[in-house]
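Hello,

Here is the structure we discussed. Please open it alongside this note; the findings follow below.

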Amino acid sequence: MIKLEQLTKRFGKTEALKGLSLEIQEGTVFGFVGPNGAGKSTTLSILATLLAPTSGKAFIGGFEVTENPREVRRLIGYMPDFFGVYDNLKVEEYLDFYGANYDIPVRERKEIIPKLLELVNLIHKREAYVDSLSRGMKQRLGLARCLVHNPQVLILDEPASGLDPRARVELREILKELRNMDKTILISSHILPELAEMCDQIGIIEGGELVTVGTMEEINLKINEQKIITIRLLNGWEEVIQMLSSHPLVTSVRRVDDRIEAGFSGSDAEQVQLLAELMKRGYPVVAFSEAQGNLEEIFMKITKGVGS
Ligand SMILES: Nc1ncnc2c1ncn2[C@@H]1O[C@H](COP(=O)(O)OP(=O)(O)OP(=O)(O)O)[C@@H](O)[C@H]1O
């Protein structure tokens, strides 16, 4: 349903996307995760036909986004990460305005809009001014807006950002309903756990490149496979960093303040061996431990390690 082929995008000297390739099957809820500046919004804007790639191709439903933008726009509903201000527009009028933009006849709009407001739990706010809505309500209205023309594909840029836990649960429930309606949904976030429960598949992007793609189970496995070992020394930092860099089970090494953080893909026994090796060589190890962290922190460390 969605296909990216070697997509690149340059903004002057900044390479926002460096040859991104990805395929998303119909009916999938796909989570696009990465730290700030990873290239998520750039990718979604290209798919939404708002930005042209520097090279490469992007297809939705078989239509290439730069060659057939009109067909693509009919297929997609796009929710940007930023909401404008809508003085003096009521919730219902707001949706009616967007429906008119898609040339939906008045009679149909009168039928569709209450249904959409039911779907996003805003029917009780139909007469309220858009500006008076809470952030969570505005996000849900944004969702309703991109559903006005009944698109098959939804592209949602950071829809959960700035929402409190309850508003997030509500959003998740709506996405479940949309999934049951067989929509293909591409949703971005910089927080992995935020997407973990609602997505069938996750793609992690960093520095304009795809780091990994898989089901949440597969991603969890990868994360668990890789431990982060923290080492503190009295001295000899450079030598230890060099030794670790050439160690076959060490996947990344960096110095952070008064410690070294090393990505390690070995077993517990191999971890013991690594420590033994450091001791044997006489390095003054003050501390050697596995970094504790929640899913999010570990994810951030891994993406930093892989991207740099
Ligand atoms: N219009 C622009 N002009 C110049 N540089 C840009 C522009 N848009 C994006 N960039 C740069 O491209 C890179 C990717 O940005 P992008 O907004 O796609 O990242 P992101 O993953 O969506 O991050 P965030 O979560 O912060 O929105 C960044 O380095 C950003 O500064």
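**Ligand shell**

The shell around the ligand divides into three nonpolar residues, eight polar and one charged. Here Ala, Val, Leu, Ile, Met, Phe, Trp, Tyr, Cys and Pro count as nonpolar, Asp, Glu, Lys and Arg as charged, and the others, Gly among them, as polar. The model is predicted: local features need pLDDT of at least 70, side-chain atom pairs count only at pLDDT 80 or more, and totals for chains, interfaces and linings use all residues. Residues are numbered from 1 along each chain as its sequence is written.

The residues around the ligand include Phe 11, Asn 36, Lys 40 and His 190; a residue is near if its C-beta atom, placed from the backbone, lies within 6 Å. Helix α1 gives the largest share of the shell, three residues. Helices (H or I, at least four residues) and strands (E, at least two) are DSSP runs, numbered from the N terminus.

**Leu 156**

Leu 156 sits in strand β7 (residues 153-156). Is Leu 156 buried or exposed? Leu 156 is buried, with 25 other C-beta atoms within 10 Å. Buried needs 20 or more such atoms within 10 Å, exposed 12 or fewer, and partly exposed lies in between; C-beta atoms are placed from the backbone. Leu 156 touches Met 79, Ile 185 and Ile 187, leaving aside residues up to four places away in sequence. Contact means C-beta atoms, placed from the backbone, within 7 Å. The C-alpha atoms of Leu 156 and Asp 81 are separated by 7.7 Å, though these residues are 75 residues apart along the chain.

Best wishes

Methods
Contact = placed C-beta atoms within 7 Å.
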